[in-house]
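Good morning, and thank you for coming.

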Amino acid sequence: MDMGTGKTITTIAVAGAMFYQHKALKMLVVAPKSIVDVWDEEFRKFADFPYCLAVLDGTGEKKADTIRNMIGTGLQVIVVNYESCWRLETELTRWKPDMIVCDESSKIKNTQAKCSKALHHLGKISSYNLILTGTPVTNSPLDFFSQYKFLDDSIFGQSFYAFRSYYAVMGGYQQHQVIGYKHLAELVSKAHAIAYRIRIDEAVELPEFVDEIRSVRLEPKAQKIYDGISKDSYAELAAGEVTTRNVLTQLLRLSQCTGGYIRNDDGGDVQQVSTAKLEALEDIVDDCMDSGRKVVVFARFIPEIDAISKMLRKKDIGHAIIKGDVTNRTEQVEAFQKDPNCKVFIGQLATTGMGLTLTAGTVAVYYSLDFSYANYEQSRARIRRIGQTQRGVYIHLVAKGTIDEHVMSALQHKGDIAKMVVDDYKTILGGKTQ
């Protein structure tokens, strides 16, 4: 199922049905680190059946202890990231899930990866297995094997080498290089026998663009820094004159922190305090590159834009940038619109909100937002406008328990964000510290 077509809500519906039929009482969800919290949010929103859910975080011992002591009425759900899954294989085996879901299952396409091997073992002890992906095949048809070995190893067998020998033509040095494929009709028939496909441009009941909120959890150290800034900001406002400028200045510091960067107290050097949003964006970009989609990223702060560009350069992904000091803006837009090798556009929200056409993109990611509803609405119109021929997705990266949630709530209700953050600053800065 393509991004934005409802993989999560579909899975929750299946899980609820399985629970009511007494076929599944324990459910394990394995997902990329950046989206484990999305499952908690989506269960809260959509699950109309009794359940208890734990997202495994903290130290390895804490995660293992959560598994050992998992109790509660209804469907028991454990959500864990791929990296932790293989480390917790023993505890998860003892827990004996009835149903296992691999979200973004291309993460286990490498048969030799530790997380793949762990899930091949775990898949044998569960009664029901499900993989969710828009792109099960990214490099070659052989990508099917490991994912299907987790699902049901009777479909393609247990041996990758036997599978490769049957479906691939080997050549090159010592016959170790795949130079072609054979029996592809049979491979496709077997793969589709237990799968179904939904493409976003074929899902006629969906709106033209789908909105998605992707929750991101700040690292413990970053959360501690955020809480400290919040407490100090509240104290400063309580001790001095409360003006719109003063409030927005304090809230600006919080927004910078959720994006991963803060300035030193003297206003000098920028310090990186978190990579949570950057990792979440990287997962989205990887998925889009695999499915051949261009991405537009909107961010508020220059250090965020620089970090995003650095990440893309490391991955050798061509991209265009518009921010305050960029003068060749027309060339940047032209490259994104027309050059097939320019796959990502990064725009500073206040600079690219108006006048640009970015219809080559079908996925827009809001890395960070400012307090202007007008900027937000204008930026959305850069992609969904005359010339756009495809459906797409707006993804909002929102740090849990931070100012991001307040801003997102105001946007959803088409509120005046600037007014909201000023009038409700005590709520935003208060929380634990108030």
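This is a predicted model: local features need pLDDT of at least 70, side-chain atom pairs count only at pLDDT 80 or more; totals for chains, interfaces and linings use all residues.

Let us begin with Val 365. Leaving out residues up to four places away in sequence, Val 365 touches Leu 281, Ile 284, Val 295, Val 296, Val 297, Phe 298, Ile 395 and Leu 397; contact here means heavy atoms within 4.5 Å. Residues are numbered from 1 along each chain as its sequence is written, and side-chain values use heavy atoms, with hydrogens and water left out.

Which residues touch the most other members of the largest nonpolar core? They are Leu 281, Ile 308, Phe 345, Val 365 and Leu 397, in a core of 68 residues. Helix α13 gives the largest share of this core, 7 residues. Apart from it lies another core, of 36 residues, including Cys 85, Trp 95, Phe 163 and Leu 187. A nonpolar core is a set of buried Ala, Val, Leu, Ile, Met, Phe, Trp, Tyr and Cys residues joined through side-chain atoms within 4.5 Å. Buried means under 20% relative accessible area, exposed over 50%, and partly exposed in between, with a 1.4 Å probe and protein chains only. As for the element names, helices (H or I, at least four residues) and strands (E, at least two) are DSSP runs, numbered from the N terminus.

I turn now to strand β13, residues 342-348. Why is β13 described as largely enclosed by the rest of the structure? The reason is that 6 of its 7 residues are buried. Strand β11, residues 294-299, runs parallel to β13 and is joined to it by 5 bridges. Val 295 has Val 344 as its bridge partner in β13. Strand β12, residues 318-322, is also parallel to β13, with 5 bridges between them. There, Gly 318 stands opposite Cys 342 of β13. Two strands are said to pair if DSSP finds at least two bridges between them.

Next come the open spaces. The largest pocket holds about 890 Å³ of space. Its lining has 42 residues, and Met 3, Gly 4, Thr 8, Glu 212 and Arg 214 lie nearest its centre. Two or more lining residues come from each of α1 (7-20), α2 (36-46), β8 (209-216), α13 (276-290), α17 (373-380) and α18 (403-412). By class, this lining has 15 nonpolar, 9 polar and 18 charged residues. In this scheme Ala, Val, Leu, Ile, Met, Phe, Trp, Tyr, Cys and Pro count as nonpolar, Asp, Glu, Lys and Arg as charged, and the others, Gly among them, as polar.

The second largest pocket has a volume of about 710 Å³. Of its 29 lining residues, Ile 131, Tyr 148, Ile 194, Ala 195 and Tyr 196 lie nearest the centre. The lining divides into 19 nonpolar, 7 polar and 3 charged residues.

How were these spaces defined? On a 1 Å grid over the protein atoms alone, a cavity is a set of points where a 1.4 Å probe fits but cannot get out, and a pocket is an open set with protein on both sides within 12 Å along at least five of seven lines; lining residues have an atom within 4 Å of a point. Grid points are joined across faces, edges and corners, and a volume is the space filled by probe spheres set on the points.

How many cavities of 30 Å³ or more does the structure hold? There are 2. The largest cavity has a volume of about 120 Å³. Lys 277, Ser 368, Leu 369, Leu 397 and Asp 404 lie nearest its centre, among 14 lining residues. Helix α18 supplies the largest share of that lining, 4 residues. The second largest cavity, of about 50 Å³, is lined by Asp 2, Met 3, Gly 134, Thr 135, Asp 287, Ser 291 and Arg 293.

Finally, two single residues. Gly 259 lies in helix α12 and is buried, with a relative accessible area of 3%. Beyond four places in sequence, Gly 259 touches Lys 277, Glu 304 and Tyr 367. Asp 37, in helix α2, is buried, with a relative accessible area of 3%. Neighbours within four places aside, Asp 37 is in contact with Val 55, Ser 215, Arg 217 and Lys 400.
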